[in-house]
Amino acid sequence: MRVAVYSTKPYDEEFLTAANLAHRHHLSFLEPRLSLDTVPLAAGAEAVCAFVNDDLSAGVLDGLAGLGVRRVALRSAGFNHVDLQAAARLGISVTRVPGYSPHAVAEHCAALVLALNRRTHRAYNRVREGNFALTGLLGFDLFGKTVGIVGTGRIGSCFARIMIGFGCRVVANDPYPNEECRAMGVEYVPLEPLLAQSDIVSLHLPLTPQTYHFIEAERLGSMRDGVMLINTSRGMLIDTAAAINALKQGKLGYLGLDVYEEEADLFFEDLSDQVLHDDIFSRLLTFPNVLITGHQAFFTREAMTNIAATTIDNLTAAEHGAALNKVTVDDVAR
Ligand code: NAI
């Protein structure tokens, strides 16, 4: 199958090429992101392969269908950026990579918690400058603290296991409680007590129309003073302006983000020579207790190998009419 691979970085090409050796699809590696402007690059392809910040809204899908594209193979778990109704109307099948390495994301989450707590990001810079003072680096024991996990699917349950390993009490909220989590000692509670009791709140639910700005001013206000909030799921789960207010008031004591509401214009590119035009993001960077990584939680060798293998398997299955890892409108409701 001829496949136009958008948003290609050298590492995507490396892992996808290796996974494709036995399948022999014709992969065209394209650096640009998928958008209305770059749709014509898919001319001649039956499928496009897209990543998290590619635009798969109705207009783009219309354009792709007009070129004869019949399949979209996402190389991500999240599919919030795809207009699934438009895809169904146009007869375009959409596949994703549901669980390539929940460990990668959960372990990155733990890295954010540890770095924020023990101020590793600040200590690193201090020591390099010959400053060995400890003032401002005071942390807290994780042992005995309460961690609130919202969404205990693949990643949330891995993160629960890690935090239980530190001796934390883990409370969780999920409309579909996970028996494995219960067995390891996770207590399921409604959202309100979770927010009120937790020293650390970590988001592992998907972005859907219902979960847009899931954490906003009121919910921030109901959290413990000085709480640590971690988001490795999707940026739009948090109202960033409200989070900035909570940081200014000291309500939020720590904020760890691997995703950001407007990340599509920033992440995955080297913009170090440019002026940032996003004032909200720039404000976030001024806080000593905010740690941001650029959507790298998934980025381990194991995860990249699994993403590439499943993406290529999905394309091969689709070519043979099978529905492997297909996403439909019904999945949004779950
Ligand atoms: P999953 O589908 O296995 O688990 C999501 C869980 O959230 C499910 O158990 C679901 O019942 C629950 N949920 C849905 N709505 C909820 C609500 N309103 N309140 C509480 N729980 C709710 O998904 P998985 O694989 O654990 O991924 C979680 C999210 O992490 C993905 O949606 C994706 O956006 C993000 N992600 C981020 C990555 C990164 O590199 N930063 C990499 C991979 C995924």
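How many residues surround the ligand, and which are the closest?

A: This is a predicted model, in which local features need pLDDT of at least 70 and side-chain atom pairs count only at pLDDT 80 or more, while totals for chains, interfaces and linings use all residues. Residues are numbered from 1 along each chain as its sequence is written, and side-chain values use heavy atoms, with hydrogens and water left out.

The ligand is surrounded by 25 residues, where a residue counts if one of its heavy atoms lies within 4 Å of the molecule. The closest of them are Tyr100, Arg154, Ile155, Asp174 and Thr232. Sorted by kind, the shell around the ligand holds 11 nonpolar, nine polar and five charged residues; here Ala, Val, Leu, Ile, Met, Phe, Trp, Tyr, Cys and Pro count as nonpolar, Asp, Glu, Lys and Arg as charged, and the others, Gly among them, as polar.

Turning to individual atoms, a polar backbone atom of Thr232 is 2.8 Å from a nitrogen atom of the ligand, and an N or O atom in the side chain of Asp258 is 3.0 Å from a nitrogen atom of the ligand. Ser233 takes part through its side chain, with a polar atom that lies 3.4 Å from an oxygen atom of the ligand. Pairs like these are polar contacts, meaning N or O atoms within 3.5 Å; within protein, one atom must be able to donate a hydrogen and the other to accept it, and residues adjacent in sequence count only if both atoms are side-chain atoms. On its own the ligand has 860 Å² of accessible area, and the protein covers 87% of that; such areas come from the Shrake-Rupley method with a 1.4 Å probe, and for residues only the protein chains shown count as cover.

Ser202 is found in strand S9, strands being DSSP runs of E with at least two residues and helices runs of H or I with at least four, numbered from the N terminus. Ser202 is buried, with a relative accessible area of 0%, where buried means under 20%, exposed over 50% and partly exposed in between, with a 1.4 Å probe and protein chains only. The side chain of Ser202 also makes a polar contact of 2.8 Å with the side chain of His204. Gly165, by contrast, is found in helix H6, residues 154-165, and is exposed, with a relative accessible area of 66%.
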